[in-house]
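Visitor: Hi, I have a structure open here and would like to talk through its insides. Could you have a look with me?
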Amino acid sequence: MVDALVVADLNKSFKTPAVQGLDLVVRTGELYALLGPNGAGKTTTLRMVAGLLAPDSGSISVFGIDVLKSPLEAKKVIAWAPDEPMLYERLTPLEYLEFVAGLWNVPPALAATRAEDLLQTLGLWEDRNRRCEGFSRGMQQKAALAGALIHDPKLLILDEPLTGLDAAVARQVKDLLQARVAAGATVILTTHILEVAERMADRIGIIQAGKLLAEGTLDELRARTAGQGGTLEDIFLELTGDQGALRA
Amino acid sequence: MAQILRGTTAGLLFHELRLSWRAVLARSGGGVRGLVIICLVIMVFTGVAGVPLGFFLRNYQLPISRLTIILSDLGLLAVASLMVSQTLSSATENLYQRGDLDLLFTAPIPPRKTLAARFMALAVTVFLTFALMVSPLLIPVAIISHPSWLAFYLVLASTALGAAAMGLALSTFLFRLIGARRTRAVAQFLAAIIGASFFLVSQVNTFFGRSQSQGIWAQAKALALDESFKLPPGADIPLRAMMGQPLVLLGYTLGAIILFFGVSSWLGDRFAADATMASGADTANAPIKAQAARWDTSAFQATFRKELRLLWRDAALVSNVLLRTLYLIPLAYLVIRSARGDTGLVLAAAAGGLVFMSGQVAGTLAWITISAEEAHDLLAGSPTRQGVFRRAKLAAAYLPMVIFLAPLLAYLVWVAPVAGCFALGGCIASAITCGLINIWYQKPSKRKDFRRRKGSSWFATLAEASVAALLGMGTTFATLGNPWAILPALLAIGLMVLLRRSDAQIALALED
C-alpha cells in the first residue's frame, strides 16, 4: 500500500533554518503525532505538506502524488486545519460549508448530506444559521473542522487541534478523529498535550530544530531512551534535552 | 516617560498617543518615509498657497459682521460635524473591537480614568488631522499678517475635545436606545453620511452649473444678511475666539474642557458597562434568515457569493463602498449634463475624470475583497487555481461599480458615441489595471482590520493613482480627437509592465 506521506530531505529557512534535512514517512490509515518544542519546525513542515509554503529543497509526496509538481492534485486529498480556525466570522456554519464544498468541487447531493452529518455530529446543527462571529472558541474550532472534513480528505493535517477547547469539545474532536482513522483516513496532528499523543497516536515523531530526533510507537520510543517504562513526557524531555530547563 | 506617569491619566494618555502614533507610522508604510513625503507636500503647499495668501491678507482686517459670524459658525459647525462623525465611529469601535480595553478594565484603575484618557487621545488625533489640513495656510498667514489668528488652533483643539465628548455621549445614548448590535451599524452609516453630505455640498457647482450655483449662494447670502433673521445670543463667540480675543477664547476653551470632563466622568462608568455588555451581545447573535444552501456551485461562484455576503454583512465596509461610489455622482452628473450640450472640453475632461475615479473606486473595492481575507490558508490549501479566486474577488469588487456605471456609460454611448466609447474603454481599463495592482501587491489581513485602507502600501496606492490618472488623461485627449492620447496610454502600459508580479513573486512577498 502506498504511504500517505513521504517527506525526503526537506529544507526550509527563513532568516534561520526552520526545517533541516527532514525525512518522514506516515503510513496510510494511521494517526501520527508530530511533537516538538516551540519553534521546532512542526508547523512549517506541515504547511509545506499542505502546499502552503514552498520548501527550499527536498520532496514531498502524498499518496504518491508529488506535492511540488502537482499541488492541485495533492490538495484534493488533503485537509489542513491550523490552530487558529480558518473561518469567516460573518458567515454561518452552513454557508461556510457551502463555500468550502465549492472550493473542493464536492458533488451537490454529497455535500448537502455531509454538511448535515458533520454539523449534527459536532453539535452545531442548531446553530447552522447563526453567524460564526458569536461562537465560542470551541464552536469555531468545530465549524472549521467540519469545513476540513466536508470533502472527505484522505489525509487530515491538524495543527494543535485541541488548543483552547473544553473537555467536552476536546472529546468530540478526538472521537471524530479516531472515527476518521477507523474509516481509513490518515491523520497527522501536532500537539503540546503529550497525553493526547500518548493515548491516540499509532506512531509519534519528535522533532527539534527542524530535525527528526526519534520516531516510532510509544514502546519503540521507550526502548530507544534510557529511562525504560517512562511516560511520553519523560521520553520527550529526555530526547529534547529540556529536563534541565524543567527542573530550573 | 511611561514609567514616570504610570497609572495616571497622563500616563494612560501617553500610552494611547504612542499607540496612535505607531498606527500612523504603520499606515504610512511602516516607517518615516511616508511622513517625510507628507511633510514635503505640506511645505510645497505652504510655499505655493499659504505665503501668497499671507501677503494678500496683510492689510486686511476681518470685520465682525453678520455675514462673517454666520460663515464662521457654519464653518466650525462643519468641522465639528466631521469631528463628531470620527469620534462617534471610534467610540463604537471601542465598544466592539476593544483590543486592550479588557486589560485596562482589569487593572486597578477606575474605568472612568481609562476612558477619559482614550477619548482625550481621540480628541488629540482628530485635532491633529484638522490642524495638519489648515496649517499650510494658517501658519504663513499668522506669521506674515495676523499672529492672533493662531488662536484658531486652540479653537480647533477645544472643538475636538467637545466632539470627543459628543462621540462618547452619542454612542452611549444610541447603545441605550437601540441596543448593542445596531449601535455600530447606525454609527458607521451616520459617519459615512456626514462625510458624504459635505462632499456633495462641495460639489454644488457641478450639480447646478456655475450660474445656477452662484444664484443659490447669492440666495443663501441674502438670507444670511436678512435682518429679520435674528442670530442667537453668543453666535459671535466662535469668530471672536478664532480671532484671538483673550476672554472669549478662554471661555470657549474652558467650556470645552468642562464639557469633556463632565461627560467622561458622568458617562465613563456607563460606557465601561456598555463595553462589557457589547462583548456579551456578540455571542448572543440572532440567527439570520435561513436560506436554502446552494451546493451546486463552482469555486468561482462560491467565492463570488462569499465575497458579496461578507461585504453586505459588514456595515462599515458597506458604508465605505457607498461612500466611494458617491464620489462618482458629481462626475456622472457632469458627464450627463455636458453630453447633452456641446461643451466638448468639459465632456472630455469629465470622461477623463470618470475614468480616473473608476480606477480609484475599483482599486479600493478590490483592495477590500482581495486583501481582506480571513482564511487565506483555506484558499491556498484548496485544489483551486489562485486565478479563480482572483477573478471571483475582482468580480465581486466590480459589481457595485458596474451597477452604478453601466447605465451612465450606456447613456453616454447613446448620446455621444465617441466620448462614450472612449469613456467605456477607459473605465474598463482603469478598473482592470487597478484591480491587477491590488492582486500583485496584496497583503492579506483580517477583515476587521479593514475599516480603512490600513496596511495598504504607499507604493501600491501611488501606482494605482498614477495608472488611473494616465488612463484618464488618455481618455480626455482621445475624446478631443488629439493623437497625443497614445502617449499617456503607452505610459500606463509601461508602468503596468514594470509593476507586474508573477505568481511566484506574489507568493514570495506573502511569505515575507
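Guide: Happy to! Let's start with the lining of the largest cavity: by class it has 18 nonpolar, four polar and three charged residues. Keep in mind that this is a predicted model.

Visitor: What volume does the largest cavity have?
Guide: The volume of the largest cavity is about 220 Å³.

Visitor: And which residues lie nearest its centre?
Guide: A:Trp80, A:Ala81, A:Met86, A:Ala144 and A:Ala148 do, out of 25 lining residues.

Visitor: Which element gives the largest share of that lining?
Guide: That's α5(A), with six residues. At least two lining residues each come from β6 (78–81), α3 and α5 (137–149) of chain A, and from α16 (376–380) of chain B.

Visitor: How many cavities of 30 Å³ or more are there?
Guide: The count comes to five.

Visitor: Switching topic: how many residues are in the largest nonpolar core?
Guide: It has 100 residues, and those with the most contacts inside it include A:Leu5, A:Tyr88 and B:Leu378. Helix α3 (residues 93–103) of chain A gives the most to this core, seven residues.

Visitor: What does A:Leu5 touch, leaving out residues up to four places away in sequence?
Guide: A:Leu5 touches A:Leu24, A:Val25, A:Val26, A:Val49, A:Ile60, A:Ser61, A:Val62 and A:Ile188. Of these, A:Val62 is also listed with the most contacts inside the core.

Visitor: And how many residues are in the second core?
Guide: The second core is separate and has 45 residues, among them B:Leu13, B:Leu115, B:Val155 and B:Ala241.

How values were computed. Residues numbered from 1 in each chain as written. Chains lettered and ligands numbered in written order. Predicted model: local features only at pLDDT ≥ 70, side-chain atom pairs only at ≥ 80, totals over all residues. Heavy atoms only, no water. Core = buried A, V, L, I, M, F, W, Y, C linked by side-chain atoms within 4.5 Å. Buried < 20%, exposed > 50% of the residue type's maximum accessible area, 1.4 Å probe, protein only. Helix = DSSP H or I, 4+ residues; strand = E, 2+ residues; numbered from the N terminus. Contact = heavy atoms within 4.5 Å. 1 Å grid on protein atoms, 1.4 Å probe; cavity = no way out; pocket = protein on both sides within 12 Å on 5 of 7 lines; lining within 4 Å. Points joined across faces, edges and corners; volume = space filled by probe spheres on them. Nonpolar A, V, L, I, M, F, W, Y, C, P; charged D, E, K, R; others polar.
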